[in-house]
Each structure stands twice: as structure tokens, then as C-alpha cells.
Amino acid sequence: LEGQSALLITFTSKGLKFFDEEKIYVDPRTFLPRLVERNLNIFGKKEKIVEHYNAREGTVRIVKTAKGKTTEQVIKRSVPLDNIYCFIFRYRISGKFTPGETFQIHLPTKDVQFQAQKPRRLQVGEKEVNAYYMQSESAQYRVWFDTGARKVPLRIDGAIGFGNTAMILRSYTASNSLTSP
């Protein structure tokens with residue numbers, strides 16, 4: 001990406017008259033966002049959103065195209081900016097998954113504090129599995145991780161994308177092994 005190495009994380013959400021695909025380009029050392037490309041189609045209303053991050057400087061430039069019209073917004077904060085998915089992948093590598101462990105992240109429009117909880121059972125398809133669990137302070141976001149070595153996110157609940165959503169893993173493909181940030 002712009003001559004520098006980047007990891008690519010792709011999340012795709014599909015539903016009845018709903019499509020949201022996010023391509024998230026991530027700094028491989030810090031797991032902070034560099035670029036996010038979103039393609040949305042919600043009840044036939046198509047939007048393309050591109051978020052250009054300078055995470056360390058605390059800025060994101062958001063370019064939105066809908067109905068042939070392009071708008072731009074810049075958000076500047078005094079803290080390094082994060083992305084919820086980048087945080088989840090960073091936590092997979094560096095988190096201890098110890099109940100009580102807390103983390104604060106700085107999203108473009110708000111700060112969110114997470115706390116690891118004790119593992120719990122989670123229904124995944126036809127079976128029930130043990131899963132690591134964490135939630136934000138207000139329970140706005142909740143994340144369940146596989147207890148295996150890769151700690152794959154099994155379910156993500158929260159205000160992600162369009163409204164409050166529950167994303168449940170249906171398939172997972174790893175193109176290479178994750179490295180430490």
C-alpha cells in the first residue's frame with residue numbers, strides 16, 4: 001500500500017437486501033489501520049466509503065460517495081486512532097485473555113474500554129464450544145474468540161457498520177500466519 005507492506009483483513013456481511021464489505025489495510029508492526037475501503041448496499045442504496053488513516057497522528061480522512069456525490073470529512077484527535085477490527089486482530093496476538101485484563105482503544109468518534117471476561121460457552125453452528133470472551137465497558141461491543149492457538153474471532157456483536165449487528169463466523173481462511181506487532 002503506497003510502497004509499504006500492509007496486511008489485508010476483509011470482512012463481508014450479507015443479509016436480506018444488505019451487503020457490507022470492508023477491506024482493512026493494516027500496519028503489520030502495530031496493527032493500526034492505514035486504509036479502510038467499504039462497499040455498502042443497503043436496500044439498494046449503494047455507498048463507497050474510504051477511510052485514510054494516519055493512526056499515529058490521530059487523523060482519518062473519510063471520503064464517501066453515494067448517489068454520484070462525493071463528500072469528505074477529516075477527524076483529528078490527540079490520540080492514535082484505531083479500528084475495531086484492527087484491535088481484535090491485535091488482541092489475538094498480544095492479549096493474555098486473562099479475566100479482568102482491560103484495554104482502551106480510540107475510535108475516530110469515541111473511546112472504548114474493553115475487559116476480558118472468564119471463558120464461556122458459545123453456540124457455533126451445530127455445536128457448543130468454549131470461547132474467550134471480552135466486552136466493552138457499556139457492553140456495546142462483545143467479542144468471542146476460539147480458545148485454540150489462532151484465537152479466531154467467532155462472534156462480534158455491536159455497533160459495527162450498519163446499526164447494531166451480530167457477526168457470526170461462517171468461514172475462515174488464513175493466507176499466512178500472524179506475526180507479532
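Predicted model: local features only at pLDDT ≥ 70, side-chain atom pairs only at ≥ 80, totals over all residues.
User: How many of the eleven residues of helix 1 are buried?
Analyst: Helix 1 spans residues 84-94. The helix is mostly covered. Its buried residues number nine.

User: Which residue caps the N-terminal end of helix 1?
Analyst: Look at the backbone nitrogen of Tyr-85. A side-chain oxygen lies 2.8 Å from that nitrogen. The oxygen belongs to the capping residue, Asn-83.

User: How many aromatic pairs does a search of the whole structure find?
Analyst: The search covers the whole structure. Its count of aromatic pairs is twelve.

User: Is the aromatic pair of Phe-87 and Phe-114 stacked or edge-to-face?
Analyst: The ring centres of Phe-87 and Phe-114 lie 4.8 Å apart, with 25 degrees between the planes. Planes under 30 degrees apart count as stacked. The pair is therefore stacked.

User: How many residues apart are Phe-87 and Phe-114?
Analyst: Phe-87 sits in helix 1, and Phe-114 in strand 8 (residues 111-124). The pair links distant parts of the chain. The two lie apart by 27 residues.

User: Is Phe-114 buried or exposed?
Analyst: Its relative accessibility is 1%. Buried means under 20%. Phe-114 therefore counts as buried.

User: What class of pair do the rings of Tyr-91 and Phe-97 form?
Analyst: Both Tyr-91 and Phe-97 are buried. Their ring centres are 4.5 Å apart. Their planes stand at 55 degrees, so the pair is tilted.

Definitions and conventions. Residues numbered from 1 in each chain as written. Heavy atoms only, no water. Buried < 20%, exposed > 50% of the residue type's maximum accessible area, 1.4 Å probe, protein only. Helix = DSSP H or I, 4+ residues; strand = E, 2+ residues; numbered from the N terminus. Polar contact = N/O pair within 3.5 Å; in protein donor to acceptor, adjacent residues only side chain to side chain. Phe/Tyr/Trp six-rings, centres within 6.5 Å; stacked < 30°, edge-to-face > 60°.
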